[in-house]
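We will go from stop to stop, picking a few residues each time.

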Amino acid sequence: MMREMLGRSLVVYLLWFLFLLGSCSGRFVVEKNSLKITSPDSLKRVYECAIGNFGVPQYGGTMIGTVVYPKADQKACKSFDDVDISFKSKPGGRPTFLLADRGDCYFTLKAWNAQKAGAAAILVADDRDEPLITMDNPEEEDAQADYLQSITIPSALISKSLGDKIKNELSKGEMVSINLDWREALPHPDDRVEYEFWTNSNDECGPKCESQIDVVKNFKGAAQILEQKGYTQFTPHYITWYCPEAFILSKQCKSQCINHGRYCAPDPEQDFSRGYDGKDVVLQNLRQVCFFKVANESRKPWLWWDYVTDFSIRCPMKEKKYTKECADQVIQSLGIDVKQVEKCVGDPDADIDNPILKGEQESQIGKGSRGDVTILPTLVINNRQYRGKLDKGAVLKAICAGFQETTEPAICLTEEIETNECLENNGGCWQDKAANITACKDTFRGRVCECPIVQGVKFVGDGYTHCEASGALRCELNNGGCWKGTKDGKTYSACIDGQTKGCTCPPGFRGDGVKSCEDIDECKERAACQCPECRCKNTWGSYDCSCRGNLLYMHEHDTCISKDVKTDFSWSFIWVIILAVAAVGAGGYAMYKYRIRRYMDSEIRAIMAQYMPLDNQGEVPLHNPHGNV
């Protein structure tokens, strides 16, 4: 019986070795961050180190500390309590980075022992001259989930040569200070993060399967908020391999693959004689991808998180519910058309390509800066593979590191994710306390000093020592940052409407226009009211000028004139005008009467002439045929 089980296990591993050979055209990329040594001078420069795939890397941030190389337990394979060593920092001291040698135990155990002893981070020095590798979790059969999920300190692998140099300086009594920098470990080009989660529907693969579903359950709320508000674009992916052609007709390939060996997954129990087969996992993986496709077409891609969570709870393998019928019930409960999902799944027995799974296999191969996806689960953020512990806080921190500065959503600026540097001394930025305006802007990567835009008014300046309101509306906001004063019921301002920038003291004042405008004493400086009869009295922002005796002050001429002369002159002028108007009126009336009279006389004479001779007409002689008198 033991020989039979051993034989089956060997077949499983042989098949998957061949599957991996069949997909080895890609490459694995070691994700790195910067390590800057700031002292001693002999080592001062920037180096590369490989990010460990456990713990919590400080994506988007930095960590400064001093290096310690222990005198005992230098490989960190035992608890440091056994050798009475502690790496806890003293109050006010820098964090401690433990330098440990590679070998004799798992990388994760080294990190766990370092963390328990109080180290803030662990640097593992390679024991051979080779390119940097990714330190990963141990295989499932050797994993101890009780401490793996408890590792929170960041870890990094450094080259053997760098490790030797650091040890040499420490042996001389030199202090080695290091700045671990993860700010550029992930690209952050714009205001939207694109990320992928490579996972598996199999829930019988040990601690890694449990961690996958825990990530989905715990991160679901944050993921859905980010997706619904357009901050992120999420895509789930599933790994499959194809069966080598020589084994397509074998019992193993038939039970682990669909579509005639094109898409395969390992047996969940690694035993072909019991439980579910690999092809069952492939079909559920395909169904989850198709659910996402249909939900995405319905503009509700975030429902994938609900489906995967509900499926893991309602349809576990242990309860023999890992079936199509159970999956359909979950799909229906979320309001997605089951027929559309089944249409996407297609015929698993057909000897043809499935376009969905074919696309998944092509996506598995690395492109650009992203290497092949060979580890499950894998998180890819802005086309760069995430390394570290997969829990809600760590994943959210990494996603937040993918946003361009100042574009992060509010969820990235909570106390659980980052520290608000603007709360202490305003981050060293410009501030107008009176108006409660600041140039300090909190971002995930730290504060930036950037002149703000407040109520439509744009401030311009360096953001550190100076910000000035600009634009047409600037005077409406804190008077444009200019001087303003009120006294004796009068208000003056150095902010001039219509000017887009600058502060100018109003007439009657002098000063910088920003902090102060002082009243000008026009009387004392003899700037006005200087005629011999003038009397000058200074007022705030202006002056009053009066004249002696019965005189009137003419401001535009800065002179005094007699009130009486002005009055006599005025009344004489008015009488002249009245008389002139009266004369013109009388003349006009006389002319009017004369012309009317003549017109009426001519009309009457014309009428009478028609009936009788007028005086001015000659007499007409009588007819005398005989010529007698």
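**Stop one: a loop residue**

Select Ser516, which counts as partly exposed at 27% relative accessibility (buried is under 20% relative accessible area, exposed over 50%, partly exposed in between; 1.4 Å probe, protein chains only). This is a predicted model, where local features need pLDDT of at least 70 and side-chain atom pairs count only at pLDDT 80 or more, while totals for chains, interfaces and linings use all residues. Residues are numbered from 1 along each chain as its sequence is written, and side-chain values use heavy atoms, leaving out hydrogens and water.

Ser516 sits in the loop between β23 (509-510) and β24 (518-519) (strands are DSSP E runs of at least two residues, helices H or I runs of at least four, numbered from the N terminus). Leaving aside residues up to four places away in sequence, Ser516 touches Trp483, Cys505 and Gly511 (contact: heavy atoms within 4.5 Å).

**Stop two: an open sheet**

Next, show the 4 strands of the mixed open sheet, ordered β9-β8-β12-β13 (strands pair if DSSP finds at least two bridges between them). Its edge strands, β9 (232-238) and β13 (384-385), each pair on one side only. Zoom in on β12 (residues 378-381), which pairs with β13 in the antiparallel sense over 2 bridges. Val380 has Gln385 in β13 as its bridge partner.

**Stop three: a helix residue**

Finally, select Ile574 in helix α13 (residues 563-608). Ile574 is partly exposed, with a relative accessible area of 36%.
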